[in-house]
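Here is a short tour of one fold for anyone who likes to keep the cut-offs in view. Have a look at the model first, then read on.

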Amino acid sequence: MINKTILRKNIFNRKSIVLSEIFDNKNNISLWKRKLDESISFGAEEIINDNLEFDFSKVLKYNEINEALVNRLGQSQNKIFLFNDISNLSELFCNMFELKKVWLRMGISTNATCPRFHVDYLKCRLLTTYYGPGTEWLPNDLIDRRKLKFNQKFSKDQDGLFSSKTDIKHLAIGDVALLKGELWSGNKGQGLVHRSPYYDEKYRRLYITIDFSDLNNQ
Ligand SMILES: [Fe+2]
C-alpha cells in the first residue's frame, strides 16, 4: 500500500502565489508556469496508455479526491503522484475561493471538438494539461470582441477576432491557469477568450478542470 501522506507536497509556495493575480480587476487570466515532476508525467502517461478515453466528473472535498481517482483509474506509484497534484490544486482552489468542495473533471480528448474561441459563462475555472497540447487563449488587448460574438455561430475561422496567429497563446504541459469568466463580478464582457488546442492532426490530451461545485450559484 502506498503511503499517500508521505507523498503529499505543499504547493503553496512562492511560485503558486502568482495565481492570486486573478483577483486584480485588470486581469482575466492568472498563470502559474511550472515544470512537472517526472513522476507526475509518468502517471499521466500510464493513464493515457491504459485508457482510450474516459470522463471523470465529481463534486468532492479535496481530501476525497485521491481515493475517488484511485477507484476510477487504479493506482501505481506514479499515478499517486499525479492524483496528489490534482488534490493539491483542488485544495489551492478551495483556499482561494473559500470553498468546501470543488467540481473536478478529468478526461482524455483526442482533438478539438469545437475550434471556436469563446468565453465561459462562469466565475472562474482552473485548468491544467498533464499530457498533450494545452489550452489556447487570446490576450484581451489583441482581440476585437465584436467578432467573437458575431462569428461564434457562423465562422470557423472567426475572421477579425485576432489579427495574427502569433497572437494565440498556448498553455504548456503542467501550466496551471485560472480563467476568469463572464460571471465574475465586474467582468461582464471581459471573460477570457480561449479554446481547446486546435490542430489538423489528431492528438491525445489528458486534462483536468476545477470549478465551483455549483456553477449556477457562485
Ligand atoms: Fe471554455
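Predicted model: local features only at pLDDT ≥ 70, side-chain atom pairs only at ≥ 80, totals over all residues.

## A helix pair and an open sheet

Residues are numbered from 1 along each chain as its sequence is written.

The two helices pack at about 140 degrees with axes 9 Å apart. α3 passes α4 in a right-handed crossing. On the α3 side, I65, N66, L69, V70 and L73 take part, meeting K79, F83, N84, I86, S87 and S90 of α4 (C-beta atoms, placed from the backbone, within 7 Å). By class, this contact holds six nonpolar, four polar and one charged residues.

Now to the strands. Six of them form an open sheet with antiparallel pairing, in the order β1-β7-β4-β9-β3-β2 (a pair needs at least two DSSP bridges). β1 and β2 stand at the edges with a single partner strand each, so one side of each has no neighbour in the sheet. From one strand to the next, the twist averages 15 degrees. Inside this order, β3 and β9 pair in the antiparallel sense over eight bridges, and M106 has I208 in β9 as its bridge partner.

| Element | Residues |
|---|---|
| Helix α3 | residues 65-73 |
| Helix α4 | residues 77-97 |
| Strand β3 | residues 102-109 |
| Strand β9 | residues 205-212 |

Helices here are DSSP runs (H or I) of at least four residues and strands (E) of at least two, numbered from the N terminus.

How values were computed. Axes fitted to C-alpha atoms, helices over the stretch in contact; angles between N-to-C directions. Left-handed = near helix turned anticlockwise from the far one by under 90°. Contact = placed C-beta atoms within 7 Å. Nonpolar A, V, L, I, M, F, W, Y, C, P; charged D, E, K, R; others polar.
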